[in-house]
Every structure is written in C-alpha cells, then in structure tokens.
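Subject: Structure handover

Hi,

Here is the structure I promised to pass on. Please open it first, then read my notes below.

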Amino acid sequence: MGLENGYSPEAEYEKKELIEKALESLPERERTVLECRFFKQMTLQETADQMGIKYKERVRQIQLLALRRLKLGGILSEEILNQFENFK
C-alpha cells in the first residue's frame with residue numbers, strides 16, 4: 001500500500017506539512033529565498049533578480065541564515081536539513 005521502493009504517500013505528505021510549518025516560522029525574506037531556491041529550483045542569481053537583491057552572494061547568506069535558524073530551532077529533522085544543505 002504505497003510502499004513500493006520505500007515510497008509512502010502518507011510519509012511524503014507529513015514531510016511536506018512539516019516543511020511548510022518550518023517555512024512559516026521564518027521571516028518572510030528567508031522563507032522567500034528558500035522557496036525560490038529549493039521549490040522553484042532557481043539559481044542564486046535568479047533568486048536575487050526576483051527579490052530585487054543586488055548581489056547573489058547576499059542570497060546565499062540569507063539562505064544559510066535560514067537553514068541555520070531551522071537547524072537551531074530543531075524544527076526540521078537532520079535528514080530534511082541535509083537535503084536542503086546539499087542542494088547546489
């Protein structure tokens with residue numbers, strides 16, 4: 001029942017809900033950066049342009065700050081955070 005190849009729709013739904021709740025806990029700017037980078041799969045430059053930020057390096061800094069905030073807050077599991085942090 002949905003466990004072919006280790007996939008579980010229920011687990012994916014719970015993971016999605018957890019990520020949405022975690023993003024809601026962030027300041028708007030940090031949340032927007034993570035949404036652009038990880039869910040819309042935008043580059044640093046595309047994210048900077050979308051948000052009106054002059055330098056893509058600033059986007060990277062905001063991204064790292066948001067991930068650090070989620071990690072320190074214990075809001076997301078290490079597994080999920082590692083998926084974000086390993087994203088290029």
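Start at Glu-30. Setting aside neighbours within four places in sequence, Glu-30 is in contact with Ile-62, Leu-65, Ala-66 and Arg-69. Glu-30 itself sits in helix α2. Is Glu-30 buried or exposed? Its relative accessibility is 6%, so it counts as buried; the cut-off for buried is under 20%.

Now the overall picture. Please keep in mind that this is a predicted model. The protein has five helices and zero strands. Along the sequence the pattern reads α-α-α-α-α. There are 88 residues, and 30% of them count as buried. The accessible surface comes to about 6200 Å². Carbon and sulfur atoms account for 50% of that surface. I also looked at contacts between residues at least 6 apart in sequence. Of these, 48% join residues at least 24 apart.

Helix α1 covers residues 9–24, and helix α2 covers residues 28–39. Their axes come within 9 Å and cross at roughly 145 degrees. Which residues meet there? From α1 they are Ile-19, Leu-23 and Glu-24. From α2 they are Arg-31, Leu-34, Glu-35 and Phe-39. The residues of this contact comprise four nonpolar, three charged and no polar.

Then the cores. The largest nonpolar core has 13 residues. Those with the most contacts inside it are Ile-19, Leu-26, Leu-34, Leu-67, Leu-70, Leu-76 and Phe-84. Which elements give two or more residues to this core? They are α1, α2, α4 (56–72) and α5 (78–85).

Leu-34 deserves a look of its own. Leaving aside neighbours within four places in sequence, it is in contact with Leu-23, Leu-26, Phe-39, Gln-63, Ala-66, Leu-67 and Leu-70. Ala-66 is also on the contact list of Glu-30.

Last, confidence. The average pLDDT of the protein is 84, and 88% of the residues score at least 70. Among the elements, helix α3 (residues 44–51) has the highest mean pLDDT, at 96. The lowest mean, 72, belongs to α5. Where pLDDT is low, predicted coordinates should not be read in detail.

Best wishes

Note on methods. Residues numbered from 1 in each chain as written. Predicted model: local features only at pLDDT ≥ 70, side-chain atom pairs only at ≥ 80, totals over all residues. Heavy atoms only, no water. Axes fitted to C-alpha atoms, helices over the stretch in contact; angles between N-to-C directions. Helix = DSSP H or I, 4+ residues; strand = E, 2+ residues; numbered from the N terminus. Contact = heavy atoms within 4.5 Å. Nonpolar A, V, L, I, M, F, W, Y, C, P; charged D, E, K, R; others polar. Buried < 20%, exposed > 50% of the residue type's maximum accessible area, 1.4 Å probe, protein only. Core = buried A, V, L, I, M, F, W, Y, C linked by side-chain atoms within 4.5 Å. Areas by Shrake-Rupley, 256 points an atom, 1.4 Å probe, with all protein chains shown as cover. pLDDT = per-residue confidence, 0-100.
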